[in-house]
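I open this notebook to record what I looked up in one structure. The entries follow the order in which I consulted the coordinates.

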Amino acid sequence: MTSEHGAPAPLSDAAEHATDAPFDLVVRGEQTLTTAGIVAREIGIRDGRVVAIEPLGSGLVGTEVIELADDQVMIPGLVDTHVHVNEPGRTEWEGFDSATRAAAAGGVTTLIDMPLNSIPPTVNVDALAEKKAAAQGKTHIDVGFWGGAIPGNEDDLRGLHDAGVFGFKCFLLHSGVDEFPHLTADEMEADMAKLAEFDSLMIVHAEDSRAIDHAPSPEGDEYARFLASRPRGAENLAIAEVIERARWTGVRAHVLHLSSSDALPMLASAKKDGVKITVETCPHYLTLLAEEVPNGATAFKCCPPIREAGNRELLWEGLLDGTIDCIVSDHSPSTIDLKDPENGDFGVAWGGVASLQLGLSLIWSEAKKRGIDLPQVMQWMASAPADLAGLPTKGRIALGCDADFAIFEPESAQIVDVNRLHHKNPVSPYDGRALAGVVKGTWVRGQRVDFETARGRMIRRGDV
């Protein structure tokens with residue numbers, strides 16, 4: 001970790017003289033998670049930024065003061081770079097108001113919205129403008145946008161980049177919605193070469209369509225059959241393509257929602273070789289087990305799928321050794337009827353897990369069992385996703401950073417009640433699950449999210 005006083009962005013003259021006048025907000029506590037770890041600190045906030053970090057007892061004066069209880073930790077706001085908000089076009093699945101409320105309730109202060117499942121998908125500048133218009137006045141946290149790479153939109157990539165998208169998502173098989181077609185590996189390589197020209201990022205849903213075409217069909221209510229329909233080999237083949245095409249083009253590439261632990265050795269090798277590749281995984285792959293999915297329980301369906309216990313443990317090892325860089329939600333909700341609750345048919349149910357509000361508690365519950373501390377969890381869920389998106393003032397409590405934080409009680413517990421979540425549709429594989437850790441409040445740029453006034457901003461690549 002770097003020093004907590006190592007500011008990622010230059011401080012203004014006013015911030016350099018931060019103690020000359022009362023702060024807008026001061027947070028005091030025995031447990032404050034800065035870049036120096038969990039330490040006793042007073043945090044001074046002015047104009048939405050952290051401008052002072054001093055030892056507890058320094059007596060910083062604020063217009064408002066928060067005194068942390070002994071069992072509370074001030075943590076940096078999470079950054080979730082993989083969220084399907086779905087508005088406009090499929091707002092009945094989720095929308096900016098409900099998604100950002102859910103995010104804030106889970107300690108997330110920044111999310112990056114995926115380019116598909118909304119109509120139109122974010123594959124040109126006009127579509128990006130439509131999405132921003134739909135989000136206007138509805139965001140309770142800060143929101144940014146990925147662009148999409150599909151066949152035929154090569155000439156739109158630079159315009160989207162200049163308009164501030166954080167990178168470009170592509171699929172190597174059917175995306176699940178017809179308006180966002182997938183690329184072949186050769187088409188992906190051509191787009192990668194173009195993105196490399198302006199140092200953008202290609203993020204890839206890496207499953208090989210040929211392998212899945214040869215796998216068993218997923219129809220029916222047996223989870224084992226669905227699992228066999230999305231074999232590890234499909235991921236492994238596609239990830240190998242991403243690695244080699246990234247090697248050839250020099251682009252920055254990112255593997256989305258890794259579920260196959262088989263791919264970890266080749267990803268580690270690629271990193272050692274200097275390929276500019278990063279990797280994410282998701283709470284459902286780290287907390288759920290294929291062996292425990294009931295037949296017909298389509299709330300558990302996602303693509304790639306939840307795999308076996310041994311696979312899960314290897315994913316945790318991949319996080320600990322640095323092969324996997326970050327943990328993000330892949331929040332991909334739908335209406336209840338699209339999960340086919342009457343028949344429980346995995347072949348027709350929508351594939352996606354809703355977990356935006358629960359990610360921190362899910363991961364903390366599992367991390368505690370493994371002796372993994374909270375600073376490590378926050379690195380995976382806050383600073384590393386911020387680094388992936390190129391947001392140096394997000395995901396950490398440090399001088400010059402946005403005052404995005406949450407108050408977390410790691411020793412408190414909760415039982416998930418799907419009907420009390422902020423997600424628009426009450427369907428989740430975690431319903432009834434006991435979790436460790438409770439978020440007691442979330443602040444974006446020094447202002448508490450009240451779930452009524454939408455104060456979040458729309459952000460662009462490179463914002464500091």
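Helices here are DSSP runs of H or I with at least four residues, strands are runs of E with at least two, and both are numbered from the N terminus. I note that this is a predicted model, in which local features need pLDDT of at least 70, side-chain atom pairs count only at pLDDT 80 or more, and totals for chains, interfaces and linings use all residues. Residues are numbered from 1 along each chain as its sequence is written, and side-chain values use heavy atoms, with hydrogens and water left out.

**Entry: helix α2**

I then checked how far α2 (residues 96–105) is covered, and found 7 of its 10 residues buried. Buried means under 20% relative accessible area, exposed means over 50%, and partly exposed lies in between, with a 1.4 Å probe and protein chains only. The buried residues of α2 are F96, S98, A99, T100, A102, A103 and A104. Which elements cover them? I found β7 (108–113), α3 (125–135), β8 (142–145) and β16 (434–444) among the covering elements, where contact means heavy atoms within 4.5 Å.

**Entry: cis peptide bonds**

I looked up two cis peptide bonds. One joins E87 and P88, with omega about 0°; P88 sits in the loop between β6 (78–83) and α2. Another runs from I119 to P120, with omega near 5°, and P120 belongs to the loop between β7 and α3.

**Entry: positive phi outside glycine**

D47 is not a glycine, yet its phi is positive, near 50°. I located D47 in the loop between β2 (37–46) and β3 (49–55). Is D47 buried or exposed? D47 counts as exposed because its relative accessible area is 68%.

D340, likewise not a glycine, has a positive phi of about 50°. D340 lies in the loop between β14 (326–327) and α12 (359–369). D340 counts as buried because its relative accessibility is 13%.

**Entry: R312**

I placed R312 in helix α11 (residues 309–320). Why does R312 count as buried? Its relative accessibility is 12%, and therefore R312 is classed as buried. Not counting residues up to four places away in sequence, R312 touches Y285, L286, T287, L288, L289, E366 and R370.

**Entry: E64**

E64 belongs to strand β4 (residues 62–67). With a relative accessible area of 41%, E64 is partly exposed. Its contacts, with neighbours within four places in sequence left aside, are D24, L25 and V26. E64 and V39 are 25 residues apart in sequence, and their C-alpha atoms are 21 Å apart.

**Entry: nonpolar cores**

A nonpolar core is a set of buried Ala, Val, Leu, Ile, Met, Phe, Trp, Tyr and Cys residues joined through side-chain atoms within 4.5 Å. Which members of the largest core touch the most other members? In this core of 96 residues, they are I75 and V242. Helix α13 (residues 374–389) supplies the largest share of this core, 6 residues. Apart from it lies another core, of 27 residues, including F180, A234, W350 and L391.

I listed the contacts of V242 beyond its neighbours within four places in sequence: L172, M188, M192, V204, A206, A253, V255 and I277.

**Entry: the whole chain**

I counted 13 helices and 17 strands in the chain. Buried residues account for 61% of its 464 residues. Of the contacts between residues at least 6 apart in sequence, 75% join residues at least 24 apart.

The radius of gyration, taken over C-alpha atoms, is compared with a globule rule of 2.2 Å times the number of residues to the power 0.38. For 464 residues a compact globule would have a value near 23 Å, and the chain's 21 Å agrees. Along the principal axes, the C-alpha atoms fill a box of roughly 70 × 50 × 40 Å.

The chain exposes about 16800 Å², with 48% of it supplied by carbon and sulfur atoms. These areas come from the Shrake-Rupley method with a 1.4 Å probe.
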